[in-house]
Amino acid sequence: MSNWVEACDAGDIDEEDVMRFDHGGRTFAVYRSPDDEYFATDGLCTHEKVHLADGLVMDDIIECPKHNGRFNYKTGAARGAPVCVDLRTYPVKVDAGKVLVRIGW
Amino acid sequence: MTKGMVIIGAGECGGRAALALRELGYDGPVTLVGDEPHLPYERPPLSKDAMVADAPLLKAIASEAVLAERSIRHIHSLQAVAIDRAAHVVRLSDGSVPTYDKLLLATGSVPRKLPMPGLDGRCVYLRTFNDALAIRAHLSAGNRIAIIGGGFIGLELAAAARRLGAAVTVIEAQPRILMRGVPAEIAEIIHQAHEAEGVKILCGEGIAAIADNGAEVRIALAGGHDIVADLAVIGIGAIPVTGLAAEAGLIIDNGIAVDAELRTSDPDIFAAGDCCSFPLAIYGGRRVRLEAWRNAQEQGALAARNMLGAGEAHAAVPWFWSDQYGLTLQIAGLSDEGRSIVRRELGDGAFILFHLAEDGRLVAASGIGPGNAVARDVRLAEMLIAKQAKPAPEALGSQTVKLKSLLAA
Ligand SMILES: Cc1cc2nc3c(=O)[nH]c(=O)nc-3n(C[C@H](O)[C@H](O)[C@H](O)COP(=O)(O)OP(=O)(O)OC[C@H]3O[C@@H](n4cnc5c(N)ncnc54)[C@H](O)[C@@H]3O)c2cc1C
Ligand code: FES
């Protein structure tokens, strides 16, 4: 069964920005891209488990606040030292002004 | 015939350079030579998390499997002892002689030694994983740790030692801690954090004599009284490892001198990371040497590109961080280039100092705060510094003006 969870209001996140979202003991990062699409990944960096939501979003990259490891938040791909392990991504949809993330089945 | 690429020094920089050569598609032989017995590993955790763990874990930059899969030949526990530049050959301590088309020196730096008699096994330095293991064994509740030098490594270690319940005294010869590169306002916050955690910090204290009898260390302060410790850790700076390069006749200037493309005075030999000094275009070509992790990473990758002929100049803004207790400090740029300071509050006690040059150029940003509170804005400041932007001081100081908007301007 698909499990869409409400993360926030669409307007809660600025364009080209990120927000932390905790659910069920897990932490996620929800992104709004410069072209106004929403995405979600695991919330912690794969280098040292730091919250990515404190990092900087530039185009389709989230940069970790701790040591500037980079990921493409649309695909989860690790994009440069010191990170080498990809982030898990989650489907996102916007419904009636709410950002919904599918974090389970 | 291709002889291949040889990298001397299997630390942050050398390790990254080897990986980068493969990422760039180079398919000739890559040999990474290091005198430590370990895989290339990250040093920053050694004074931070790894020290607080029960058994320090080595955080490798690449596993044995990754090195094997990328056909990177890692020779460990051997030193490079000579370079024959004419023959393009390096001689290693076991007598073997790998040959190179291009050579990268990534020999790093080593702790500056305290030039005093009386030091023995209870007076130690922290640079390597093995150093960390030896120090960790002494960090337990009730043990007395003296830290000579109030620099980053010593202070981070002080924080780790307090977490483990040791009694810690920091002895600093200068009038305040973190004299080099850190604004007084920020050093003061760090000083207070340490005192609140029970660290005793003595500034402006010279050391008259040290007596290390193998069981304890007695440090006689110039001011009069003695500090007795179970272990003294000396952290008074680092010096670049340049001996091999100097003997090969390469130009040394506060490190192995390289040009903006990280090339030494021999066109087939590059140097990068802690061991080299290089010109920084954003500061008018000022020659600097950095002891910073990201620089080692970036220069390792850049050296790899240039060994393959990219001809790219180093343009990154210097960047450094330190973690102590719950506080993180980040510094982008060189604050000593600044003439005036603008402060921006970020909430929760976090703030950033923007350092502006005479002509209004942003030359550095130093931030401190809990967790990663300053990270995003220091990063944006770094981009402004790279652009040599002259943002309005009022905008920098105003919490309501987003730094990202200044970048677009
Ligand atoms: C405890 C500690 C904490 C740190 N914390 C931070 C931090 O929080 N933030 C930050 O920005 N930076 C930090 N640093 C600095 C950072 O780790 C260094 O800038 C970085 O390691 C430099 O990388 P490098 O590869 O140039 O040199 P190194 O990492 O020193 O590697 C050089 C390697 O070359 C080897 N070598 C030298 N000569 C030879 C030879 N002739 N033959 C074979 N091998 C040789 C050395 O043994 C060494 O293994 C810290 C450093 C230490 C020690
Ligand atoms: S914790 Fe994210 S790059 Fe290190």
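Colleague: What volume does the largest cavity have?

Modeller: About 60 Å³. Bear in mind that this is a predicted model. The count comes to three cavities of 30 Å³ or more.

Colleague: Which residues line the largest cavity?

Modeller: Residues from chains A and B, including A:Asp54, A:Glu63, A:Cys64, B:Trp319, B:Gln330 and B:Arg379. Helix H9 of chain B, residues 375-386, gives the most to that lining, with three residues.

Colleague: And how does the lining split by class?

Modeller: Five nonpolar, three polar and four charged residues.

Colleague: OK, switching to the ligand. How many residues surround ligand 1?

Modeller: There are 34, and the closest are B:Asp35, B:Glu36, B:Arg43, B:Lys48 and B:Arg127. By class, the shell has 16 nonpolar, nine polar and nine charged residues.

Colleague: What sits 2.5 Å from an N or O atom in the B:Glu36 side chain?

Modeller: An oxygen atom of ligand 1. B:Arg43 has a polar side-chain atom 2.7 Å from a ligand 1 oxygen, and B:Arg127 also places a polar side-chain atom 2.7 Å from an oxygen of ligand 1.

Colleague: How much of ligand 1's accessible area does the protein cover?

Modeller: 94% of the 1000 Å² that ligand 1 has on its own. Elements giving two or more residues to the shell include helix H1 (12-23) and strand E21 (319-324) of chain B.

Colleague: Why does ligand 1 lie between domain 1 and domain 2 of chain B?

Modeller: Because both domain 1 (5-110 + 238-307) and domain 2 (123-234) give residues to the shell around ligand 1.

Notes. Residues numbered from 1 in each chain as written. Chains lettered and ligands numbered in written order. Predicted model: local features only at pLDDT ≥ 70, side-chain atom pairs only at ≥ 80, totals over all residues. Heavy atoms only, no water. Near = heavy atom within 4 Å. Polar contact = N/O pair within 3.5 Å; in protein donor to acceptor, adjacent residues only side chain to side chain. Areas by Shrake-Rupley, 256 points an atom, 1.4 Å probe, with all protein chains shown as cover. Helix = DSSP H or I, 4+ residues; strand = E, 2+ residues; numbered from the N terminus. Nonpolar A, V, L, I, M, F, W, Y, C, P; charged D, E, K, R; others polar. Domains from an automatic or database assignment. 1 Å grid on protein atoms, 1.4 Å probe; cavity = no way out; pocket = protein on both sides within 12 Å on 5 of 7 lines; lining within 4 Å. Points joined across faces, edges and corners; volume = space filled by probe spheres on them.
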